[in-house]
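Thanks for coming. I have one structure to go through today, so please look at it on the screen while I talk.

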Amino acid sequence: MANLLTKILRMGEGRKVKALQQRVGAVSAIEPEMEKLSDAALGAQTEEFRERLSKGETLDGILPEAFAVVRETSKRTLGMRPFDEQVMGGIVLHEGKIAEMKTGEGKTLAATMPVYLNALSGKGVHVVTVNDYLARRDAGWMGEIYSFLGLEVGLVQEALNFDERKVAYHADITYGTNAQFGFDYLRDNIATSTDQLVQRELNFAIVDEVDSILVDEARTPLIISGMPESAADTYYRFAAIVPRLKRGEDYEVDEKKKQVAPTESGVEKVEKALGVENLYDDVNANLVNHLNQALRAQTLFKRDDEYIVSDGQVFIVDEFTGRVLEGRRYSEGLHQAIEAKEGVEIREENQTVATITIQNYFRMYDKLSGMTGTAATEADEFMHTYKMEVVSIPTHKEMIREDKDDLVYKTEKAKHAAVVEDIVERHQKGQPVLVGTVSVDVSERLAALLKRRGIRHNVLNAKHHEREAEIIVEAGERGAVTIATNMAGRGTDIKLGEGVPELGGLYVLGTERHEARRIDNQLRGRSGRQGDPGESRFYLSFEDELLRLFGGQRMQGIIERIGLEEDVPIEAGMISNSVRRAQEQVESRNFQIRKRILEYDDVLNKQREVIYAIRRDILMGENVDTASYAEEVLTDVVSQHVSEDVYPEEWDLDTLAAEVNRFYPSRIDFKAMNVEELTAGEVLEMVLEDARERLEERKAEWEERTAELEQRGLVRGDGVVSFEEAERRTLLSVVDSRWREHLYEMDYLREGIGWRGLSQRDPLVEYKREGFDIFQEMERGLKEDYVTYIYRIENVKLREEEMQQFSYSGGGEEPNQRPKSPRRTEGKVGRNEPCPCGSGKKYKKCGLQNTPEHQRLMSKVGSTT
């Protein structure tokens, strides 16, 4: 059955290759025309192609001509003409598939054709490599072709500054590593202005060594971390301030709903204690949360009731069972506030600011393709995860490398001794040897053994990519011995030195089987490139991890009974088949791990898409419907206290008044409200109308203040901030703060969700359900925070500019001298001075708000004067 399936697959491959050959024929047919063109005429083809695309032609339609142009340009600039097989690989890449091309078949050159073709769209092309050295090498090497054809090439490297990075991304073609592209995407999505964005749309990417990047590295997500916004000392400060506040005067408590809200008096006391002007400015956004959580910790959460303190840690107690909930923490900073209240050490952890998996990043590209020498064994995963088909491209010349059977030894010591003897023997006759190891430790041990035997050698451990690439180029020279881990020097061809083919070519010696067959195939592929002779063999022992974990002990028991000597190897098909089955098991297990990681990240990814879309709209100045936020929040508040299902005399108007004023300074006199004559709907409309009016007044006051300062010349540069810009900044700050907290909560949920399996519940289903609930709670909190802040923000920049203008108004003072107190124009009241109405409040909290109390008191002041 397996043989039949293999034949069917091969028949399918044959049809694909024939179809590709026909398209290659179309490219070759145009080649003579391109040869006749002058350099200027050949370079001018780019603008001609772009003009044709603008008139409705497609990339597929101009593919033969574009590929022929690149082929001819390569001949003139690099002295290399892409083979038909390389053109086939280029076509596969353009189609958004994976081109499996053996080592030495020229993948780098093959990629230039689809890169050029897709760059003509003007949307950009990303070429992704495994390390900075290869990105730099390929950008410079292949860049000669693109520059000749009038395209700009960008290179994203670790050391680039912001401006250089932005220029690189806006080039027609950008080279870089997967980490650089992924982290720049995350940085763009924590930017606070469009000036901080570097990437543009994710159009088309070609991933070199696609199996390494999209499979091997897919188990580790990209994470930007930072210290939590809420530093420990801030929690301790609030833990000291809150006990000095008075219940009923400085804050209101609703024990039934476990809610607490500071009053105007309480806020002023906290502002004074912290030394800040306005607790609700967007720059102080986190302080409001600190205050709320400190109040909750002080008034609503009692020791030995909701939590216990043990061994210097705060543990949550389950309210139903009374058991300690190990590993669980209160969210939104409440747990830290309780730790500060109890005087124990606050657990400061690096907080995730932005994160994404490799899979979900690359799946965002409109078109994705890849190339490697070994992809067939992971074809199922590429199709399942990325919807990319693997197409095997025939070699330009027939492969004549001799792959010998594995030799299996009883112990690792005997294996290493045999490896050294084999190396010495081949070195003495001049045949170059490439020794592949699975770890740095094994590399160094073998190097020590060779040193004792007086064999000169190089050791490559994939640490210094550029230097190691230079060394590995010479690994095919006569008498060369090179020890390398599997990734060392990857992407660099090994060419045979003079006289080496007659000695049998490069001999590849593997010291251990890797858990993935394609890694072994990559090692073998370093030999026998472009029809060169070569040999390969793997040395194994029953102490190797793969054999030890998957059946090695059983086989070793058989060897013990046979009485095989330690230094006598086994060369049997049974062993090879056992190794192959073990590798297939590990590959399957690793695929399931990556698949599971992706399933969990898909939950977060959908949430990420929502938040990042909101952020992008805010940054780009799109119309975000913030007006509905206040309506939604206040509707929810009113419905909790006033309802048609409850008799009007039972409406909780006192609590409603406190709750409404928590979000905005209401002018409604709830105590004077005649509930007998009102419906719940009318109460709601009264609140919404009042909120709208207060916001319009807030906007008018803001613009009036701005105009006044501009007229008096008290602001300059970027000091003027419109109310709309203030709204944008406030929303962005709230979104980022809540999203970071959400990532923190999702991390905690993810860590403990596996235990749900013990109660016969699918952890993934539970994670999806609870993750959705947490996200909804985050969205609700986001809107509440925004509404709270937008009614209270002040233009900090204007206030600072005003102070500077008054302080340095031509008095000739030195900049380092203490500034004089600001002079106030007659009749003008400072924002932080007592209000002249006699209320005892600051002018900014009374007169500027034009409250009913202020109007009443001012009328009295007016009558007495």
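Leaving aside its neighbours within four places in sequence, which residues is Arg750 in contact with? They are Tyr600 and Tyr767, where contact means heavy atoms within 4.5 Å.

Before going on, the ground rules. This is a predicted model, in which local features need pLDDT of at least 70 and side-chain atom pairs count only at pLDDT 80 or more, while totals for chains, interfaces and linings use all residues. Residues are numbered from 1 along each chain as its sequence is written, and side-chain values use heavy atoms, with hydrogens and water left out.

Back to Arg750. It lies in helix H27, residues 723–752; helices (H or I, at least four residues) and strands (E, at least two) are DSSP runs, numbered from the N terminus. Arg750 is partly exposed, because its relative accessible area is 35%. On the scale used here, buried is under 20% relative accessible area, exposed is over 50%, and partly exposed is in between, with a 1.4 Å probe and protein chains only. Arg750 and Leu764 are 14 residues apart in sequence, and their C-alpha atoms are 9.3 Å apart in space.

Next, Thr706, in helix H26, residues 680–711. Buried or exposed? Thr706 is buried, because its relative accessible area is 4%. From Thr706 to Ser722 is 16 residues along the chain, and 7.9 Å between C-alpha atoms.

Now helix H5, residues 84–94. Of its 11 residues, 10 are buried, so H5 is largely enclosed by the rest of the structure. Among the buried ones are Glu85, Gln86 and His94. After H5 comes Gly96, with a positive phi near 80 degrees.

Glu543 sits in the loop between strand E20 (534–541) and helix H21 (545–549). Glu543 counts as partly exposed because its relative accessibility is 42%.

Last, the whole chain. It has 30 helices and 20 strands, and 51% of its 865 residues are buried. Of the contacts with a separation of 6 or more, 74% are between residues 24 or more positions apart.
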